[in-house]
Amino acid sequence: MTVLAPGTVETAVGSIELHRGGSGGPAPLLYLHSAQGEAPGMVLLEELADTRHVVAPLFPGFGASEGLELIDDIEDAAFHLLDVLDRLELPWCDVVGLSLGGWMAAELAVRWPERVRRMVLVNPVGLYVEGAPITEIFGRSLAELADELFADRDYPIAQLMRAMDGMEADPSQIPFDLVRPVLQAQAATAKVGWNPYLHDPKLRGRLGRITSPTVIIHARQDGIVPRAHAEAYASAIRDATVVDLDDAGHLAPLERPGPVATLVVDHLGD
Amino acid sequence: MRFFSFHLMPYPDLPADYDGPAWITCPNELFDPRLGGDLYNRYIDELVYAEELGFDGVCVNEHHQNAYGIMPSPNLIASILARLTSRVRIAVVGNALPLYDPPTRVAEEFAMIDCISGGRLIAGMVVGGGPEYYSFSLNPAHARERFAEAHELILKVWTEPGPFEYIGKHYKLRYVNSWPRPIQQPHPEIWIPGVGSLETLEFVARHRYAYMGIPYFHISVFERMFAMMREACRKEGYEADPLQLGWLVPVFVAETDEEARRRYEEHFWYFVRRLLPGINISPPGYTSVRSTENIMKNAGTFALNLDSWDQVVEGQYAIVGSPETVTELLAANVDRLGVGNLLGLFQLGTLPAADTKRSLELFAGEVMPKLRATFPGTQVSGADVATPAATS
């Protein structure tokens, strides 16, 4: 386990919080987080950093990252990520993205395929699949969401979400410092994913431009994104396969860091 | 002091076994169109009757895809009122500007109502309720930006000669040139309703508009809200005119206090327990973090959390009683809140037509004259009202 160090990088939209550490590997590994804004203290990243250089920037609106007011849609998100890569002087990298981060990884790779060597998308959103809707994440009760995000009901974040749900009738009882980051993360997610709902209608037709060998991990207990989305990505990307993961919900990298690390290392190589 | 009769146009016939929200996902199979037709006509009659009784104005508002208020287009109702009345101000409180694309539509329709009514429109502008952003699939993270831009555009439409080009972030219009233009110059009086968002208060103070406090909170929340509004005006270098402040409150008058509660209470609970659930959803990015913090402080006193009539009375969620009681309670609050506009919600929930009519009559006959006498300094009536100063 290699602890990642917090830092910042100046970008066109403002200062961006990032976590980086480790060295080695065939290419730097860029981790793109989900709408939960995970990265700081994440076990998966600490394991991966044992054998490679890992960089995890937080998207504007998450953590201390500035500049959400300059992001209006997924197009802005893609150009922001390109800017981050340039500022970090990463001519190319491997990308691992979870959910929203998986979508952003794909948007990056269709535009600048030469910047992405290999890619792992975990339960990615980003596509519209007829008959297989992505579950509503906005305006839902935290208790219900907890069941969809985690396979293990006892996972600590799932327990916290259920506890906060009980206080919703009188939210003044919840410490605002707990609420603030959630509000900011949700606003940032809404900016890119409110309508069209968590997808880009143009993305599917562009996926053929991706040159990186890609693995799409589908967690079998994912209550947010149906497996059909992983299949849709795999059928449109030239070199892509779907891997199913047992005993994991939507936030599989948090819940099952060991198996996810193995899959990532297997695909990206040493 | 100005008196308005405000109508939400609620749907009073949700089945007893339906316990879901009244908003966004409330199945529209529950709407009976024949009953809907009767309701619209009855509710319009109740508003028209307010003019006959001597009110200064009537108010309508906009909500979509819900049973709480079946008035997705308040401008349709306002245009009917413009034709059926001759003296009262017609306050549309308001149009949810971000829902109109392009928002020049608001400038046009408001100008039409102002023309038809002979210059009696009060133009309300609002961001729209949280549920509206689900019902329209409109990005709530753009709500404030779109509101600000739409407001700027509408004011330009009314005050600058067309045609002109408008290039904003959200709206890009090559030929802006509204026919008609409003009778009231430079533009109709503008009201902004709100629940205490700091941005909204500052916006209203900056433009010298009027702020309407939205009900269903404990009276102490209104005290704080109006104090914040006065403070916001002071920061802009002036003292708030009472006519810049409006208090919206459910009111019911009967012969005695006992009679009033007996006739009113069940209808109030239908409103609170059947029509409010779902109204308070706050979509992501809809309010700034600092405003959310402020609004959350008040959330515990939201009417949805009420359990007993004692709490209703203590927090003055509704002013209910004999003419004497209602006069006394309203006088104390008007004085304390410093408001120059009283917006009474006389019909609420399932309250039947006969009770609504009787309450309006008792209010107009026995309460309103006493309040007018108590607050002569700000006494104003109908179309003689001075329009708060226009924007720069």
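The crossing of helices α1 and α2 of chain B is right-handed, a term used when the near helix is turned clockwise from the far one by less than a right angle, anticlockwise being left-handed. The model is a predicted one, in which local features need pLDDT of at least 70 and side-chain atom pairs count only at pLDDT 80 or more, while totals for chains, interfaces and linings use all residues. Residues are numbered from 1 along each chain as its sequence is written, and chains are lettered from A and ligands numbered from 1 in the order in which they are written.

Helix α1 (residues 33-53) and helix α2 (residues 74-84) of chain B pack at about 45 degrees, their axes 10 Å apart. Here helices (H or I, at least four residues) and strands (E, at least two) are DSSP runs numbered from the N terminus; axes are lines fitted to C-alpha atoms, for helices over the stretch in contact, with angles from 0 to 180 degrees between N-to-C directions. The angle makes α1(B) oblique to α2(B), since under 35 degrees counts as roughly parallel, over 145 as roughly antiparallel, 65 to 115 as roughly perpendicular and the rest as oblique. From α1(B), B:Ile44, B:Leu47 and B:Val48 meet B:Ile77, B:Ile80, B:Leu81 and B:Leu84 of α2(B), where contact means C-beta atoms, placed from the backbone, within 7 Å. By class, this contact has 7 nonpolar, no polar and no charged residues; Ala, Val, Leu, Ile, Met, Phe, Trp, Tyr, Cys and Pro count as nonpolar, Asp, Glu, Lys and Arg as charged, and the others, Gly among them, as polar.

Turning to the cores, the largest nonpolar one holds 118 residues, and B:Val58, B:Ile90 and B:Met229 have the most contacts inside it. Such a core is a set of buried Ala, Val, Leu, Ile, Met, Phe, Trp, Tyr and Cys residues joined through C-beta atoms within 7 Å. Its largest share, 8 residues, comes from helix α5 (residues 143-159) of chain B. Leaving aside residues up to four places away in sequence, B:Ile90 touches B:Val58, B:Leu81 and B:Ile113, among others. A second, separate core of 86 residues includes A:Leu4, A:Met104, A:Val125 and A:Trp194.

In chain A, A:Tyr233 sits in helix α8 (residues 227-236). A:Tyr233 counts as buried because 26 C-beta neighbours lie inside 10 Å; the cut-offs are 20 or more other C-beta atoms within 10 Å for buried, 12 or fewer for exposed, and partly exposed in between. Its C-alpha atom is 9.3 Å from that of A:Gly126, 107 residues apart along the chain. Between the chains, 17 residues of chain A are in contact with 17 of chain B, and the chain A side has 8 nonpolar, 6 polar and 3 charged residues.

Most residues other than glycine have a negative phi, and most peptide bonds are trans. A cis bond joins B:Asp101 and B:Pro102, with omega about 0 degrees, and B:Pro102 is in the loop between β3 (89-96) and α3 (104-116). The bond from B:Gln185 to B:Pro186 is also cis, omega being near 5 degrees. Positive phi values occur at B:Ser137, near 50 degrees, and at B:Gln316, near 55 degrees. B:Ser137 is exposed, with 10 C-beta neighbours inside 10 Å, whereas B:Gln316 is buried, with 20 other C-beta atoms within 10 Å.

Definitions and conventions
Two residues are in contact if their C-beta atoms, placed from the backbone, lie within 7 Å.
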